[in-house]
Amino acid sequence: MRESDVKIVFTKFFPKRFRIYSKLKILNTLKYFPELKNIKRINVGYTSFGGTFYLGKSDEKTISIGVNQRTSMHIIAHEFTHYIQYFQKEIRDFGFKIPEVRLFYLKEIPKGEKACEIYTYARHKDLVGDFGYFGTLKGIKKEIIHIAAKKAIEKRNIENHRNYIKFFEKEIIR
Ligand SMILES: [Zn+2]
């Protein structure tokens, strides 16, 4: 449906044999971000580990990321969330109208890696990875992490809780 209107453009350094697989993974991850429907292009560079978001190469219609064939949906989603952290002004009004993501746009989305993780986990349990800025999460059910992250953002955006990051950490330790 929306796949046709976003162009995935690989840099010449991205190994050809991994392109189709990586493209599918990126498009699959994008489905969890309905508010990014105006994105016209995703530039994909090759990075030897993890994932990267390139702020200077992104704009309101373009997301530039670096990934490799092992990069998980969690990390791709994390890089998309970085995009939202920096370009939220442009997508806020639209995001606010979409019930599934409205919660995120009730207040300004904070910058930072831990914020980025919580907002990524809160989106969907499929986007929870085994490892991230909260250390290893292996052994904790993805559903639990997802719910804790959503609750933390509700605390922040609805109840004006002062430290939603601490709240999240406590929730997953229990
Ligand atoms: Zn990051």
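This is a predicted model: local features need pLDDT of at least 70, side-chain atom pairs count only at pLDDT 80 or more; totals for chains, interfaces and linings use all residues.
A residue is buried if 20 or more other C-beta atoms lie within 10 Å of its own, exposed if 12 or fewer, and partly exposed in between.

## Overall Architecture

The protein contains five helices and six strands. Along the sequence, these elements follow the pattern β-α-β-β-β-α-α-β-β-α-α. The radius of gyration is 16 Å, close to the 16 Å that the globule rule gives for 174 residues, so the protein is as compact as a globular protein of that length.

The C-alpha trace spans about 45 × 35 × 30 Å along its principal axes. Of the 174 residues, 32% count as buried. Among the contacts with a separation of 6 or more, 56% are accounted for by residues 24 or more positions apart.

## Helices H1 and H2

Two packed helices are described by the angle between their axes and the distance between the axes. Helix H1 covers residues 19-30 and helix H2 covers residues 73-96; the two pack at an angle of about 60°, with their axes 9 Å apart. This angle makes H1 oblique to H2. The crossing of H1 past H2 is right-handed.

On the H1 side, the contact is made by Lys25, Ile26, Asn28 and Thr29, and on the H2 side by Met73, Ile76, Ala77 and Phe80. By class, this contact of H1 with H2 has five nonpolar, two polar and one charged residues.

## Helix H3 and Its Surroundings

Helix H3 comprises residues 113-121, and within it Cys116, Glu117, Ile118, Tyr119, Thr120 and Tyr121 are buried. The buried residues of H3 pack against H2, strand E5 (131-132), H4 and H5.

The axes of H3 and H4 come within 7 Å and cross at roughly 115°. H3 and H4 are therefore roughly perpendicular to each other. The crossing of H3 past H4 is left-handed. Ile118, Tyr119 and Tyr121 of H3 meet Ile145, His146, Ala149, Ala152 and Ile153 of H4. This contact of H3 with H4 has seven nonpolar, one polar and no charged residues.

## Helices H4 and H5

Helix H4 (residues 142-157) also packs with helix H5 (residues 164-173): their axes come within 9 Å and cross at roughly 150°. Angles over 145 degrees count as roughly antiparallel, and H4 is accordingly roughly antiparallel to H5. H4 passes H5 in a right-handed crossing.

From H4, the residues in contact are Ile144, Ile145, Ala148, Ala149, Lys151, Ala152, Ile153, Lys155 and Arg156; from H5, they are Tyr164, Phe167, Phe168, Glu171 and Ile172. The residues of this contact of H4 with H5 divide into 10 nonpolar, no polar and four charged.

Asn157 lies in helix H4. With 18 other C-beta atoms within 10 Å, Asn157 is partly exposed. Leaving aside residues up to four places away in sequence, Asn157 touches Leu103, Leu106 and Lys107. The C-alpha atoms of Asn157 and Ile109 are separated by 9.5 Å, although the two residues are 48 residues apart along the chain.

Asn160 is placed in the loop between H4 and H5. Asn160 has 9 C-beta neighbours inside 10 Å and so counts as exposed, since the class covers residues with 12 or fewer. The phi angle of Asn160 is near 55°, a positive value in a residue other than glycine.

## Tyr46 in Strand E2

Strand E2 runs over residues 41-46 and includes Tyr46. Tyr46 has 17 other C-beta atoms within 10 Å and is therefore partly exposed.

Apart from residues up to four places away in sequence, Tyr46 touches Thr11, Phe13, Phe14, Pro15, Gly66 and Asn68. Tyr46 and Asn68 are 22 residues apart in sequence, while their C-alpha atoms are 5.6 Å apart in space.

Key: Residues are numbered from 1 along each chain as its sequence is written. Axes are lines fitted to C-alpha atoms, for helices over the stretch in contact, and angles run from 0 to 180 degrees between N-to-C directions. Helices (H or I, at least four residues) and strands (E, at least two) are DSSP runs, numbered from the N terminus. Angles under 35 degrees count as roughly parallel, over 145 as roughly antiparallel, 65 to 115 as roughly perpendicular and the rest as oblique. A crossing is left-handed if the near helix is turned anticlockwise from the far one by less than a right angle, and right-handed if clockwise. Two residues are in contact if their C-beta atoms, placed from the backbone, lie within 7 Å. Ala, Val, Leu, Ile, Met, Phe, Trp, Tyr, Cys and Pro count as nonpolar, Asp, Glu, Lys and Arg as charged, and the others, Gly among them, as polar. The radius of gyration is taken over C-alpha atoms; the globule rule is 2.2 Å times the number of residues to the power 0.38.
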